[in-house]
Structure formats: structure tokens, C-alpha cells
Amino acid sequence: MPATANIRTIRFILLAFFSIAVCYKIFTSSAAPYTPAELNNVSGGDKAAPPALPKTELGNVNSQTTPNDQQKLRPAVAPGKRANATFITLARNSDTWELAKSIRHIEDRFNHKYNYDWVFLNDQPFDDQFKKVITRLVSGTTKFGLIPKEHWSFPEWIDQDKAAAVREDMRQRKIIYGDSVSYRHMCRFESGFFFEHELLQQYEYYWRVEPDIKLFCDVDYDPFLYMQENKKKYGFTLSLYEYKDTIPTLWQTVRKFMAEFPQHIAEGNNMQFISNDEGHTYNLCHFWSNFEIGSLSFLRSQAYRDYFKYLDKAGGFFYERWGDAPVHSIAAALFLKKEEVHFFDNIAYWHVPFTHCPTREEDREKYKCMCNPKDNFDWKGYSCTARFFESMGWPKPAGYEYQM
């Protein structure tokens, strides 16, 4: 028993000594205590600024490390004027979550600073979940519209049996979307009707966005305002060749239109981009229209409306599988001056399966890009971007040869 008591006494003495040492260290520390004002700020008061960190805690910070120079950080909302513009998306209720990803990319990389509106169109009413999810993601005003039935159906002059036979033939030949009715309605709508919808009547410019796209770089300027101030009418990021079996008579129909409406063909147009033989044949090059920033006034022009009406009457949207990408691209090449079409090289964009990544290293650094330049489609064999540069008389940008 006496031995046990001695051990307990020793433990008590050691614990007491340790406690006294800790208290001495705390109360003799060189750090200054918070003042009442500082304590008030820590607890949520707003009468005093928070206590400053001692200068020694920041150390010698290199200019390329955090914390960033506050004078160089962009404001949360960009100052200055805005264009009369909107985003436009054709979607269905089943696209909710894939579209949500697209919106996050657009908002995080651009629109949270500019707060442009967003118009959503559907051939069926949007459900409450779609509207709730989408609205909370968009920094501008969201607008939800229903497509008129006459813009999403077979026109009266289409022979339904002939159209059905074409779809079956394309299905057997395994042509992508060849047997789809809804895809044809979509292509016809995007070619000739979206810009006529009542929800777009107030706007002058649009940016088309589809579900499940990505932006890889910051867009720290206003592309809409750029288009307006530089008199651009159509903008793109990716270009490629169309699948020939989907448009066997499209160019033949376009040539007939040009012969009947020569007044609509612009001087200084870019026929060179879409034809290798001065218009005798179509080389299949087109701007990929799942990304496009454009002028609604251009699409509402007499030239474009006459053009679409002529194509629509020919029946190729249903008797073949004419896409809105070649329809838009041919119009831009023929009805606009070549300088009115803009290549958005600094907007890094992905839509399965192609990537546009800025070619120049300085652009990738400036816009904080996260794309691999080796994935850039622009200079690969199936792209038409090199053809566009040639038609514009531009040299290819530095570094393109490493992305072929």
C-alpha cells in the first residue's frame, strides 16, 4: 500500500508541474490579444476591420504565387454596356442534367460576369423540375417557350410515304440519325424557325448552347459586344466536312436558288470556303452549328428567308437529311462579306467528339485554359479551319504544326 501511495503522489506532482508550465507559456506569449473591437468583428460585427496579419506571416511572396495581386483581379460583374443578346437552347425535359453541366460551364467561364438572358425552347412544355433547376443556374433572366406545331411537323407538301422510305433506306445504310424523324424536325427548326420565335423577337444577337458541352478557357470579354462593334454577323469555333450521303442534292438546290435570286449573293463573299471550283461543286465544308454566335438580323434578312423557303419547298430536310450546319454555313458564305464571319479562336469549346483549343500558347495562358493543345481539332485532316484561313488569306497561327 505505501508504495502505491508514493506512485500516485509522484503522478500528481508531475501533472501539476505540467499544467503550470502550459499556463505560463500561454500568458507570457508575445502575440497581442484581440481588442474588444476586433472581438466584435470576429463575432459578426461590422464596425471595425478584421485584425491584420503580422507582415512576417506573408513572407516574400513571388508574383506568380498566391495571394494574387488584388489590383489585377477582375470585378465580379463586368462594368460597361451590354449588347442586346441572349443565349438560346433547344432542349427537352430529359436533357435537364446534361444541360445543367453546359450552363455551369457558360456561367463559370463567362456569363456570371455579364448576366445575359437565356431562352429555352421545346416542342413539349417544360416541366417544373427543368425550369427550377435551370433557372437557379442562370445569372440572367430565363425564358421558356413552346415551339409552334407548324415549326415542328411535316409541311403539307411532303409525301409521307416517300419520306418514310428514305428513312428506312438510311437506317439500312447506317447513316447517323438517318431514320430519325425528330432529328429532321430539329434541323428544319434550327435552319428556318428558331429566330422567328416570339421570345427572341426583342434580341439582336444569339449564342447557341447545347446540352453536355464544355468551355475550357475564361471568356473575359463580351463576344456579343465584339460582334456588334466589329460588324460581325456569324461566329464559329469548329468547322468540318459534312457527311455527303445526308445532302446529295443540297448544292444542286442552292445553285438553282443562286440562279433565281442573284441579288442575294454578296460581293466579297466567301465562296472559296465552301467550293474548290468557284461554285460548281460543294466541298462539304461547314461551321459546326452546335456552337454559333450570330446576328438575328442576318437570319431575318430577306436573303436568308428566301433561301430557307426555297430549300424547305425542295423537301430535302425530309427526303434526305439536310442539317442546319451546312444550311447556315452556305448562307454565311454566300450572303455575307467574308470579313463578317468571325473565328472565335480564343473560346475553347468541346462537343463530342471534337475539341477546339486555342492554338497559341499566349492565348491559353491569358484565358486560363485547361485544354490539351494536342486535342485541338483545327489542324487535323477532317477539319475545315485550314481551308477557312486560306480563304481569308491568313497565315496559320504559330504552333499549329504541333497540333496536326
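**Entry 1: a word to keep handy**

I call a residue buried when its relative accessible area is under 20%. By that cut-off I have Cys 357 as buried, and Cys 371 as buried too. I also note at the start that this is a predicted model.

**Entry 2: the annotated glutamate**

I began with the UniProt record, which puts an "active site" feature at Glu 292, in an unreviewed entry. Looking for its place in the fold, I found Glu 292 in strand β9, which covers residues 292-295.

Is Glu 292 buried or exposed? I get a relative accessibility of 0% for Glu 292, so I count it as buried.

Next I asked what Glu 292 touches once residues up to four places away in sequence are left out. My list has Tyr 206, Trp 207 and Arg 208, then Tyr 234 and Gly 235, and finally His 328. I looked at Tyr 206 again, and its side chain makes a polar contact of 3.1 Å with the side chain of Glu 292.

**Entry 3: Val 341**

I moved on to strand β10, residues 341-343, where Val 341 sits. Its relative accessible area is 5%, so I put Val 341 down as buried.

Which residues is Val 341 in contact with, leaving aside neighbours within four places in sequence? I noted Tyr 234, Phe 236, Phe 287, Ala 332, Leu 336 and Phe 388.

**Entry 4: counting disulfides**

How many disulfides does a search of the whole structure find? I got 3. Counting the bonded cysteines along the chain, I wrote the pattern as 1-4, 2-6, 3-5.

**Entry 5: Cys 217 and Cys 369**

I looked up the link of Cys 217 to Cys 369, with an S to S distance of 1.9 Å. The angle about the S-S bond is 115 degrees, and this link is right-handed. The pair links distant parts of the chain, 152 residues apart. I placed Cys 217 in the loop between β5 (214-215) and α7 (223-229), and Cys 369 in the loop between α14 (361-366) and α15 (385-392). Cys 217 has a relative accessible area of 1%, so I mark it as buried.

**Entry 6: Cys 285 and Cys 384**

For the disulfide of Cys 285 and Cys 384, I have 2.1 Å from S to S. Is this one left-handed or right-handed? The torsion about its S-S bond is about -85 degrees, so I note it as left-handed. Cys 285 belongs to strand β8 (residues 285-287) while Cys 384 is in the loop between α14 and α15, so the pair ties together parts 99 residues apart in sequence. I have both Cys 285 and Cys 384 as buried.

**Entry 7: Cys 357 and Cys 371**

Back to the pair I opened with: Cys 357 is joined to Cys 371 by a disulfide, S to S 2.1 Å. I read 75 degrees about the S-S bond, and the link of Cys 357 and Cys 371 is right-handed. Where do its two ends lie? I find Cys 357 in the loop between β12 (354-356) and α14, and Cys 371 in the loop between α14 and α15, 14 residues apart.

**Entry 8: one more cysteine**

Last, I checked Cys 187. Its relative accessible area is 1%, so Cys 187 goes down as buried.

Definitions and conventions. Residues are numbered from 1 along each chain as its sequence is written. This is a predicted model: local features need pLDDT of at least 70, side-chain atom pairs count only at pLDDT 80 or more; totals for chains, interfaces and linings use all residues. Side-chain values use heavy atoms; hydrogens and water are left out. UniProt positions are given in the numbering used here, feature names are shortened, and annotations may be inferred rather than shown by experiment. Helices (H or I, at least four residues) and strands (E, at least two) are DSSP runs, numbered from the N terminus. Buried means under 20% relative accessible area, exposed over 50%, partly exposed in between (1.4 Å probe, protein chains only). Contact means heavy atoms within 4.5 Å. A polar contact is a pair of N or O atoms within 3.5 Å; within protein, one must be able to donate a hydrogen and the other to accept it, and residues adjacent in sequence count only if both atoms are side-chain atoms. A disulfide is a pair of cysteine sulfur atoms within 2.5 Å.
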